[in-house]
Amino acid sequence: MDRTEKLLHLLEAKYRKKTRKSFAFYRQAQKVMVKGGSHSLRLWRPYPFIMSEAHGPYVYDVDGNSYIDYWQGHYANILGHNPKVLKKELNRFDPECGSLHTGFEGESQIRLAELLMKQIGHKDYKVRFTTSGTLATMYAVMLAQAYTGRELILKIGGGWHGASPYLLKGVKFDKEKGFTQAESAGVPDEILRNILITRFNDPEDLIKIISKKGERIACFILEPFLGVGGFLAASKEYLALARSLTAKLGIVLIFDEIISGFRFCPSGVHKLYGIEPDLATFGKLIGGGHAVSAVAGRTEILDGTKHKTPLKARVLFEGGTFSAHPQYMRAGYSMLKYLVEHSSVVYPKLGRSGDILRKKIEDVFKREGIDAVCTGRGNEVVRGSSLYMVNFPLKKVATPSADNIWNPALSDIPLREELLKLALLTEGVHVVHGGGAISAAHKDSHLEETVAAYAAAARLFKKHLFS
Ligand SMILES: Cc1ncc(COP(=O)(O)O)c(C=O)c1O
């Protein structure tokens, strides 16, 4: 057994000791659910704790443990778990939303749509709601294909846009193939062949691929602040280039703002860049803790007024039993309204918390002689950021990129994904990919406790792996 495996066993034993009840539940879960649950990131090794409740920065398990949580509902809970402002609103009786789903058009969705459109602030823009980020990006791609009459989809290596067949390529890094492989069985080769991959923040690569294939490309979909690919802000020049090249060649530019929307400012992060995409997808926090996502964009693309495809072949962005559920719409509206009204307090606080955490985490590892680099920082456009990911570079690189953060030859991925995760869980902190999203409910005292947990992990790593 090598040193990494030994430490993993030691940490697992410690974790098992504090989560015995959770384990019993997990065994029960395994009997009836595939792998014992419904989402891979919630099913970590050796098994997940079973949540009992969550408030503010904390999540509690059935064993009575508490954890300061940086996963925060897949980054949706920007105000922390179950924030009072949303609970209060949802507990207030409202005849439209106080009932279960009805399947009619209601006022609450008009209010959310109006607020969203006002905050996005582009002319001739409209929105349509659906229920997941996966659906929103899938519809955006289909709209682009129908609008342009083209089939090729250009996406970023390391970019995750959900599990629709159109985007299931080049998400995970492969030692031999880099970011070029299919992510899932069951996607026809014909669809996979249509997905092209380019490197984030790499203007030359973008110019190369667009000059070669631009006239056949329907859309370029990217996150202006790359999410799972490494929490990296796009450079201003890169987004400007993406805009000008796509406009020149009639390619639909889609900004996937499912993580970045309302995370950095009370709108899409693209507003800070001053660059208008043709379509933008939103999700996560726009539902105030509920399943809401949206495709916003130029009316002629969403309405289908100038589509190249014949009328009967138009995009069927029409269904969704639970689309615009009144309760979800009301929660989303309350969340966005709160963020708009408190933006001058919330966003600077989040940015400050991000700066503190990233710097202090790097410091505690440095103190033990371990090189740790926190990504998630803003840039000259995105002034503050509440996202962070801890990376352990194996080789010095000039700038962190998805290609080096997820390349096992350049980055110690097991140290981040498995050992750090477990070490922090034993210290009462829950992270994903070494970090996550800070919420407005995380006070300085929580950040201090978090730093102490990282410091304990750093000491452990030094003792067992680096001495
Ligand atoms: C940028 C981005 N797009 C799309 C999705 C898919 O969203 P959902 O999980 O709601 O389907 C995610 C999910 O994490 C995401 O991060």
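How far from an oxygen atom of the ligand does a backbone N or O atom of Gly133 lie? The distance is 2.9 Å in this predicted model.

**Close-up 1. Polar atoms around the ligand.** Gly133 places a backbone N or O atom 2.9 Å from a ligand oxygen. Thr134 uses its side chain: an N or O atom there is 2.6 Å from an oxygen atom of the ligand. At Trp160, a polar backbone atom is 3.5 Å from a nitrogen atom of the ligand. The ligand on its own has 380 Å² of accessible area, and the protein covers 82% of that area.

**Close-up 2. The residue shell of the ligand.** Ser132, Gly133 and Thr134 belong to the residues around the ligand. By class, the shell holds 3 nonpolar, 5 polar and 3 charged residues.

**Close-up 3. The buried side of helix α2.** Helix α2 spans residues 20-32. Ser22, Tyr26 and Ala29 are buried in this helix. They lie on the same side of α2 because they cover an arc of only 60° around the axis. What do the buried residues of α2 pack against? Their partner is β2 (58-61).

**Close-up 4. The exposed side of helix α2.** The other side of α2 carries exposed residues. These are Arg20, Lys21, Gln28 and Lys31.

Note on methods
Residues numbered from 1 in each chain as written. Predicted model: local features only at pLDDT ≥ 70, side-chain atom pairs only at ≥ 80, totals over all residues. Heavy atoms only, no water. Buried < 20%, exposed > 50% of the residue type's maximum accessible area, 1.4 Å probe, protein only. Helix = DSSP H or I, 4+ residues; strand = E, 2+ residues; numbered from the N terminus. Arc of directions from axis to C-beta. Contact = heavy atoms within 4.5 Å. Near = heavy atom within 4 Å. Polar contact = N/O pair within 3.5 Å; in protein donor to acceptor, adjacent residues only side chain to side chain. Areas by Shrake-Rupley, 256 points an atom, 1.4 Å probe, with all protein chains shown as cover. Nonpolar A, V, L, I, M, F, W, Y, C, P; charged D, E, K, R; others polar.
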